[in-house]
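Have the model open as you read.

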Amino acid sequence: MSFATRPTAAVAPSNDLLRAAIEGLSLPQKALPCYLFYDARGSALFERITELPEYYPTRTETAILAARVGEIAAQTPPGSILVEFGSGSSRKTEILIDALPTLAAYVPIDVSRSALDEACARLASRFPALRIIPTEGDFTQPLILPQGLAKRPRLGFFPGSTIGNFGHDDACALLRGMALSLGTGARLLIGADLQKDLARLIPAYNDSAGVTAEFNLNLLARLNREIGANFDLERFGHAALFNAVEGRIEIYLVSLAAQTVDVGGRRFDFAKGERIHTENSYKYTIAQFGDLASRAGWAARHVWTDAENLFSLFELALAH
């Protein structure tokens, strides 16, 4: 998973959370939407994941960005707006902001209020002259910029390979939506994880310290906390599998025994070994991701990778 990050919907009120859980667990292949990962506890666990030795995406993308930020800044007009989709901790964003001292504003969008608050406080301290406009909510929905900013040059930022959490058609639709939100003349920096040997890939989603498993299981803990479900976390395990046909990592919670769980007054039976699907993370070749961006109306102006070709950072521009 790219985990990152926060693919759909704002933090749900309890009734919406209950509805999402019941709908997902009623499917033939039980599933829970991955945006449920990102309560305060889940966001903190994700930050721990990004620091794990097995989890290469964060440090690799950060190194690429640091090496290329001068080229990116040279193409960014003074007075631009930086819009980050699924901003999280905004750690990578600091590299961009530091290289773009004439930014008119930074607009971070995220489903986690706590992540936004912490990131904005840190950035305001480091960059006191920067106008920061935090936006809590669903970055798949159209963005309306404040009056006075809408006509400024716009640079979108979507790091972390969160695009990999979406199926190809949904990813294309998301990129089209970003094009509409950012508008004519905009550019988009976007991270895409690359195909690689499974010996390197699988441990990134099943680390030896068990942090990823804890992150996955926190989804059930959140349902217990917020809507009174009674999942026994000791009777569920974490699984990360590679689907070679689809070219993606698939993340599951696995029932370790036959059991019945109550969720909002609804009873759900689980067979031993039955899975709850929680996330996908698609892996691309450079050509595949370029084709996807093209379908969505973007053209790849630059593609940067690391020396091992583990990860890619694309600079896209609207093709029309």
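Predicted model: local features only at pLDDT ≥ 70, side-chain atom pairs only at ≥ 80, totals over all residues.

Let's take the helices, starting with the geometry of each pair.

| Helix pair | Axis distance | Angle |
|---|---|---|
| H2 (residues 40-49) and H8 (residues 211-227) | within 9 Å | roughly 180° |
| H4 (residues 91-99) and H5 (residues 113-126) | 11 Å | about 25° |

With that crossing angle, H2 and H8 are therefore roughly antiparallel. On the H2 side, the contact uses Arg-41, Gly-42, Leu-45, Phe-46, Arg-48 and Ile-49, while H8 brings Val-211, Thr-212, Glu-214, Phe-215, Asn-218 and Arg-225. Sorted by class, that makes 5 nonpolar, 3 polar and 4 charged residues.

H4 and H5, whose angle is under 35 degrees, are therefore roughly parallel, and H4 passes H5 in a right-handed crossing. Here Arg-91, Glu-94, Ile-97 and Asp-98 of H4 meet Arg-122, Leu-123 and Arg-126 of H5.

Now for the strand. How many of the residues of S7 (residues 248-255) are buried? The count is 8 of 8. One side carries Arg-248, Glu-250, Tyr-252 and Val-254, the other Ile-249, Ile-251, Leu-253 and Ser-255, and both faces are covered.

S7 has antiparallel partners in S6 (residues 236-243), joined by 8 bridges, and in S10 (residues 275-282), paired over 7 bridges. Across from Ile-249 in S7 you'll find Phe-242, and Ile-251 stands opposite Glu-279 of S10. The S6–S7 hairpin has 4 residues between its strands, and Gly-247 there takes a positive phi near 70°.

Notes
Residues numbered from 1 in each chain as written. Heavy atoms only, no water. Axes fitted to C-alpha atoms, helices over the stretch in contact; angles between N-to-C directions. Helix = DSSP H or I, 4+ residues; strand = E, 2+ residues; numbered from the N terminus. Parallel < 35°, antiparallel > 145°, perpendicular 65-115°, else oblique. Contact = heavy atoms within 4.5 Å. Nonpolar A, V, L, I, M, F, W, Y, C, P; charged D, E, K, R; others polar. Left-handed = near helix turned anticlockwise from the far one by under 90°. Buried < 20%, exposed > 50% of the residue type's maximum accessible area, 1.4 Å probe, protein only. Pairing = 2+ DSSP bridges.
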